[in-house]
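This report concerns strand pairing and aromatic contacts in a single protein model. The sequence and structure are shown first.

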Amino acid sequence: CEGKEVILNFFTTPYEMTPYSFLVNKAAAVICSYENTDLAQEYAGQGIFGGNAMDAQLPVTVKGLFNKGTGIETQKTRLAYSAPEEVGMNSAKLAAIDKIVQEGLDANAFPGCQVLVAKDGVVVYNKAFGNHDYKSSVQVKTTDLYDLASMTKATATLPALMKVYDNGDVSLTDYISKYVYPLRNTDKEKLNLRDALFHESGLKAFLPFYTNAIDKSSYSGSLFSSTRDAKHTVEYDAGTWANPDFKYLPELISPEPKSGYSLQIAKNLYGSEKLRGLVLQDIADEPLSGKGKYEYSDLNFILLREVVEAITKKNMNDFLQQNFYRKLGATTTYLPLQVVDSTRIAPTENDQFLRKQLLRGYVDDEAAAFLGGISGNAGLFSSANDLAKLYQMWLNRGTYGGEKYLSEKTCDLFTQSKSARSRRGLGFDKPDPQSLRSSPCSYSTPPSAYGHTGFTGTCFWIDPDNKLIYIFLSNRVNESRKNRKLISMSIRSRVQEAIYLSFQRSR
């Protein structure tokens, strides 16, 4: 271990350190855990990484090494892992989550999922359920990665934007056209960042960007139909059938990587770098409808990715890895197949319309896919445990692991602001106390909470009042997006309510 800092941990009495005096004197730090038990090992490990504070002192003198009373104090700086009772929650009541999830599994609402609950900086529930898909027996692990879908907006684009805002590189009143040239001299020239974050830009909910790459002369009739017929043979969504018998334009799509075709859309499907410019031009050309009114739109966050990269001069995944994910020790990433084996990634749709394959490690969202897997609206993959580190940083108002990521002022602005026109926050979703039916949260979730949901069957919610984090990750779109049982059964909000009902207090 020459040249490296070593921490020695003795799972025995202090007197047993003496024969190892040479190593003790070489070590950067020494821990005495007194006994070799699973619990002692767990708490020592958490103490080393900042999950637990350590302030004990030696009760005896270790001859030639330490005097009685020797000890140092460390602070809790990272998430800890312990029983619910440690933070005032009831284990038996929290176990109601298992029953709700099992109900969803039995109904084939999703093949598997991860659920994590953390309170007061302590992870009290972190479980994986079910399998990767309905056909295999590969069980979900807590370390597996899921396609986060629109959770990307608040887990990637938003922290990136918060960082450049914190650095003083951008203002929320800045026009997006300052950074995205195609918007200049259009009706979108004066859209600002605040408009986009609140979804009040007047942009449409989405645009089918993939049609740019389709050779319109390669098929007859329409791409979609409300009924199945001889041409429309693929069920794209409930009540929508698609014609898969089309060809891509060779000047925009290639079956193999080659010069000028670096955007990997899926396996054996590569897009030209021209596609990104075509997407931006489509947004610029589409007329605004109702600027100042609320309409949730993926296009807002596709543009915000452009803003971040124009300011940082970096690929957004690289910028996020450098400033957040890698420093947090999180395997949260775009383009996950470049980082982990596909066996660690839950598959999503069996897309027989556009990509003609089961999607595993390639983003489900079409817009993000045709942008090469990195987009402001979708494309991020992660496990629940790794996401909790980023979300705890926000609860800590910008710090985690003893490191400062964002200022308290920036964290407060983005996590506490709310639109006057809708329930939306600055990039975050919020509960809707005026309408429980339309609210994305459970009944007991306070108005101060912030988070986001994802199309693939995901959500996260951060409750600053109770210092609570709730994460639910699933692949409910496997094998088809038409499966809406997760939504109709209110699985995510019911799990969330079970968390609040587990609090050890009168309600």
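In this predicted model, strands β12, β14 and β13 form an open, antiparallel sheet in the order β12-β14-β13. Its edge strands are β12 (253-254) and β13 (263-266), each of which pairs on one side only. β13 runs antiparallel to strand β14 (residues 269-271), and three bridges join them. Within this pairing, Gln 264 has Tyr 270 of β14 as its bridge partner.

A further open sheet of three strands has the order β8-β10-β9, again with antiparallel pairing. Here β8 (224-225) and β9 (234-237) are the edge strands, pairing on one side only. Two bridges connect β8 with strand β10 (residues 240-242) in the antiparallel sense; Phe 224 is bridged to Ala 242 in β10.

Phe 224 also belongs to a cluster linked by ring pairs, together with Tyr 210, Tyr 236, Phe 246, Tyr 248, Phe 353 and Phe 370. The structure holds 16 aromatic pairs. In one of them, the ring centres of Phe 246 and Tyr 248 are 5.2 Å apart and the planes stand at 85 degrees, so the pair is edge-to-face; the cut-off for that class is over 60 degrees. Phe 246 is buried because its relative accessibility of 8% is under the 20% limit. Tyr 248 likewise counts as buried, at 17% relative accessible area.

Charged side chains also lie over tyrosine rings, as tabulated below.

| Charged residue | Ring | Distance from ring centre |
|---|---|---|
| Lys 258 | Tyr 261 | 4.9 Å |
| Arg 481 | Tyr 236 | 4.6 Å |

Terms used
Residues numbered from 1 in each chain as written. Predicted model: local features only at pLDDT ≥ 70, side-chain atom pairs only at ≥ 80, totals over all residues. Heavy atoms only, no water. Pairing = 2+ DSSP bridges. Helix = DSSP H or I, 4+ residues; strand = E, 2+ residues; numbered from the N terminus. Phe/Tyr/Trp six-rings, centres within 6.5 Å; stacked < 30°, edge-to-face > 60°. Buried < 20%, exposed > 50% of the residue type's maximum accessible area, 1.4 Å probe, protein only. Lys NZ or Arg CZ within 6 Å of the ring centre and 35° of its normal.
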